[in-house]
Amino acid sequence: MSQTYQTLRLILGDQLNAGHSWYNTKDEGTLYVIAELNQETSYVKHHVQKVCAFFAAMKAFSVALQKAGHNVSHLTLDDTHQFATLPELLNSLIAKYGIAKFEYQLPDEYRLRDQLSTFCAQIDIDSGAYESEHFYLSDSELSSYFSAGKKHRLEAFYRKMRVRFNILMDGSTPFGGEWNFDSNNRNKLKQKDLSEIPEPLVFANDVSDVWERLQRHQVSTFGIYEANSLWPITRAQAKELLRSFCETQLPKFGFFQDAMTCKADDMYTKKQWSLYHSRLSFALNSKIISPQFVVDTVVAYFVQHQQEIDIAQVEGFVRQIIGWREFVRGIYWVNMPQYAELNELDAKRDLPDWFWNGKTHMNCQKHAVKQSLDYAYAHHIQRLMVTGNFCLIAGIDPRQVDDWYLGVYIDAIEWVEMPNTRGMSQFADGGIVGSKAYAASGNYVNKMSDYCSDCQYDIKSVAGDNACPLNSLYWHFMDTHEGKFSSNPRNRMVYANWRKKAPEQRALIMEQAAYYLDNLNKL
């Protein structure tokens with residue numbers, strides 16, 4: 001007969017928080033369960049590196065808990081493949097171990113929180129839900145900062161966070177005299193800058209056993225498989241990556257945080273995919289490392305190295321963590337589940353096939369998509385202003401955009417992915433997240449990257465043979481949605497320029513865009 005336990009505690013794959021209060025005491029009557037599940041590999045099609053990294057991190061966390069003296073059951077797909085859903089597995093475990101109480105941490109995806117809430121309402125044993133103890137703001141505080149359906153702006157929220165948590169503050173004023181140094185952080189990488197880009201710290205975590213299980217259980221994935229995962233799967237590795245970021249990338253992080261290049265690699269070194277970014281998002285979103293630890297470490301390093309690092313570099317990084325990351329989480333929770341159905345611009349076109357293979361003639365899209373397929377990673381401007389901008393101005397169905405972003409990126413959990421795509425990137429939420437649609441012509445890509453110089457399309461042409469598709473698609477998008485956007489002061493000059501064009505020129509541009517929209521798979 002199996003050993004019995006009083007309490008079963010569930011740990012989800014993105015709840016690998018060793019600092020949680022659960023682990024402050026050891027209880028022989030408590031069993032912790034970490035499980036690979038079919039339902040978590042199939043709700044969208046995932047990048048193979050994402051699945052491998054999460055499963056490897058889950059195993060590493062289970063080993064760490066066991067070493068700390070806790071009772072842990074780490075179940076692989078070999079153990080759980082017969083269970084179609086999480087509740088089916090839990091019911092089996094409750095019966096197997098004679099469980100009297102079930103406990104879990106509040107999931108950060110609506111579907112899982114709803115699933116576990118429903119499960120607990122149906123079982124005949126006691127149950128309890130706990131905060132994840134990861135974010136700056138607790139779940140119970142979110143309604144004090146956010147309201148459903150209301151348009152919120154990052155800057156106001158960010159300032160409140162800075163003050164409340166006393167981060168980069170000089171008394172009641174912001175350190176450096178300004179709240180936001182984003183205007184300093186929009187620099188393009190010039191030829192002379194390329195050789196100075198640091199080589200990224202990567203790891204070599206053997207995930208071949210995970211790959212074998214995925215094949216054995218016919219789990220459908222996409223992207224490039226790597227037997228040695230380059231992502232941090234333990235707290236020690238995450239701390240090492242954070243240290244490396246502070247020493248090698250933080251000094252120029254803000255300055256080049258929006259930049260992109262396709263000319264920094266050679267046959268020995270691959271660094272243009274990482275540039276000056278920390279790549280801590282997987283460790284953060286799986287809760288291997290806490291945002292407070294990351295921010296405190298970065299700020300402390302900055303304070304000790306102000307001769308080499310200016311405030312614009314560290315402020316830009318802090319804003320991403322305590323500002324944007326906490327902001328989109330609040331937006332997600334106060335607006336779900338309705339948020340997942342929003343499609344303000346009535347976008348209906350299918351995602352082009354080249355999003356799954358990178359085979360497009362548009363150099364910017366090719367590099368951003370191929371990098372995503374190669375590494376399960378792209379930085380925020382590649383996501384927002386390259387692939388995201390294309391989907392926006394081409395009118396791609398936001399549900400398909402959501403599914404691709406949620407599946408392809410190593411750090412994509414729905415709470416952070418959906419407000420970024422359906423909100424910030426696609427304006428499908430009608431402005432809850434952003435004050436304007438982040439639509440752009442090819443000029444933006446040319447300004448922030450060197451992609452355009454090697455493209456078969458002509459960045460300077462709006463219509464005609466080999467005209468950059470982003471140009472006519474941009475004007476088509478702005479013309480189509482003039483009723484929604486023309487009253488926005490930030491768009492006033494755009495529409496003034498559009499109206500200045502001769503009627504026959506506007507017609508030619510619209511005709512060019514219509515051709516491209518009819519041939520998205522061939523671009």
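User: In which helix is Val416 found, and what makes the residue count as buried?

Analyst: Val416 is found in helix α17, where a helix is a DSSP run of H or I with at least four residues, a strand is a run of E with at least two, and both are numbered from the N terminus. This is a predicted model, in which local features need pLDDT of at least 70 and side-chain atom pairs count only at pLDDT 80 or more, while totals for chains, interfaces and linings use all residues. Residues are numbered from 1 along each chain as its sequence is written, and side-chain values use heavy atoms, with hydrogens and water left out. Buried means under 20% relative accessible area, exposed means over 50%, and partly exposed lies in between, with a 1.4 Å probe and protein chains only; Val416 has 14% relative accessibility and therefore counts as buried. Val416 is 90 residues from Glu326 in sequence, and their C-alpha atoms are 8.9 Å apart in space.

User: How do you know whether the radius of gyration of the protein agrees or disagrees with that of a compact globule?

Analyst: The radius of gyration is taken over C-alpha atoms, and the globule rule is 2.2 Å times the number of residues to the power 0.38. With 523 residues the rule gives a value near 24 Å, and the protein has 24 Å, so the two agree. The C-alpha atoms fill a box of roughly 85 × 50 × 50 Å along the principal axes, and the protein has 22 helices and 11 strands.

User: How does the lining of the second largest cavity divide by class?

Analyst: Ala, Val, Leu, Ile, Met, Phe, Trp, Tyr, Cys and Pro count as nonpolar, Asp, Glu, Lys and Arg as charged, and the others, Gly among them, as polar. By that rule the lining of the second largest cavity has 11 nonpolar residues, 1 polar and no charged. The lining residues include Met362, Asn363, Cys364 and Tyr457, and α14 (363-375) and α19 (469-480) are the elements that give two or more residues to this lining. In the largest cavity, by contrast, the lining has 13 nonpolar, 3 polar and 6 charged residues.

User: What makes the pair of Tyr332 and Trp333 edge-to-face, and why is the pair of Tyr405 and Tyr409 called tilted?

Analyst: Rings of Phe, Tyr and Trp (its six-membered ring) pair if their centres lie within 6.5 Å; planes under 30 degrees apart count as stacked, over 60 as edge-to-face and the rest as tilted. This rule gives 43 aromatic pairs. Tyr332 and Trp333 lie 5.0 Å centre to centre with 85° between the planes, an edge-to-face pair. Tyr405 and Tyr409, at 5.7 Å and 55° between the planes, form a tilted pair. Tyr405 and Tyr409 also belong to one aromatic cluster with Trp354, Phe355, Phe390 and Trp404.

User: How do you know which ring the charged end of Arg383 sits over?

Analyst: A charge sits over a ring if NZ of Lys or CZ of Arg is within 6 Å of the ring centre and within 35 degrees of the ring normal. The charged end of Arg383 sits over the ring of Tyr409, 3.9 Å from its centre, and Arg9 lies over the face of Tyr130 at 5.8 Å from the ring centre.

Conventions
On a 1 Å grid over the protein atoms alone, a cavity is a set of points where a 1.4 Å probe fits but cannot get out, and a pocket is an open set with protein on both sides within 12 Å along at least five of seven lines; lining residues have an atom within 4 Å of a point.
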